[in-house]
Amino acid sequence: MSQATTATFAAPGPEQQFREQLAQGRFVIQRCGSCAGFLFPPRQVCPHCGGIDMTWEDAAHASPP
């Protein structure tokens, strides 16, 4: 039988980062660095391509890939 492992992250997770931005009056969305797709709600893995390199963009200035 195998044991499950849990990863620890040095930075807050994407949901917390999103909420912190909202608290500052900014509405941001994630963009995948691999496929340039937008992600909402915030995630750690892109549902489109499986990428993990996410950036945050101000929703008012976000443009399609």
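Welcome to a predicted model, in which local features need pLDDT of at least 70, side-chain atom pairs count only at pLDDT 80 or more, and totals for chains, interfaces and linings use all residues. Residues are numbered from 1 along each chain as its sequence is written, and side-chain values use heavy atoms, with hydrogens and water left out.

**The overall picture**

- The protein has one helix and three strands, and from the N terminus on they run α-β-β-β.
- Helices (H or I, at least four residues) and strands (E, at least two) are DSSP runs, numbered from the N terminus.
- Of the 65 residues in the protein, 23% are buried; buried means under 20% relative accessible area, exposed means over 50%, and partly exposed is in between (1.4 Å probe, protein chains only).
- The accessible surface comes to about 4800 Å², and carbon and sulfur atoms hold 54% of it. Such areas come from the Shrake-Rupley method with a 1.4 Å probe, and for residues only the protein chains shown count as cover.
- Contact means heavy atoms within 4.5 Å. Among contacts between residues at least 6 apart in sequence, 43% join residues at least 24 apart.

**The sheet**

- The three strands make an open sheet in the order β2-β1-β3, with antiparallel pairing; two strands pair if DSSP finds at least two bridges between them.
- The edge strands, each pairing on one side only, are β2 (38-39) and β3 (54-58).
- Strands of a sheet pair through backbone hydrogen bonds, either parallel or antiparallel.
- β1 (residues 28-32) pairs with β3 over five bridges, and with β2 over two bridges.
- Across from β3, Cys32 stands opposite Met54 and Ile29 stands opposite Glu57. On the β2 side, Arg31 stands opposite Phe38.

- β1 is mostly covered, with five of its five residues buried.
- Val28, Gln30 and Cys32 point one way from β1, while Ile29 and Arg31 point the other way.
- In a regular strand the side chains alternate between the two faces of the sheet.

**Turns and loops**

- β1 and β2 form a hairpin with five residues between them.
- Ala36 is found in the loop between β1 and β2 and has a positive phi of about 70 degrees although it is not a glycine. Ala36 is partly exposed, with a relative accessible area of 23%.
- Pro41 is found in the loop between β2 and β3, and a cis peptide bond with omega of about 5 degrees joins Phe40 to Pro41.
- Most residues other than glycine have a negative phi, and most peptide bonds are trans.

**Two residues to look at**

- Cys46 has its place in the loop between β2 and β3, and it counts as buried because its relative accessibility is 3%.
- Not counting residues up to four places away in sequence, Cys46 touches Cys32, Cys35, Leu39, Gly51 and Met54.
- The C-alpha atoms of Cys46 and Gln30 are separated by 9.5 Å, and the two residues are 16 residues apart along the chain.
- Glu57 lies in strand β3. Leaving aside neighbours within four places in sequence, Glu57 is in contact with Phe27, Val28, Ile29, Arg31, Phe38, Ala62 and Ser63.
- Glu57 and Arg26 are 31 residues apart along the chain, and their C-alpha atoms are separated by 9.9 Å.

**The largest pocket**

- The elements that give two or more residues to the lining are α1 (14-23) and β3.
- The lining divides into seven nonpolar, four polar and one charged. Here Ala, Val, Leu, Ile, Met, Phe, Trp, Tyr, Cys and Pro count as nonpolar, Asp, Glu, Lys and Arg as charged, and the others, Gly among them, as polar.
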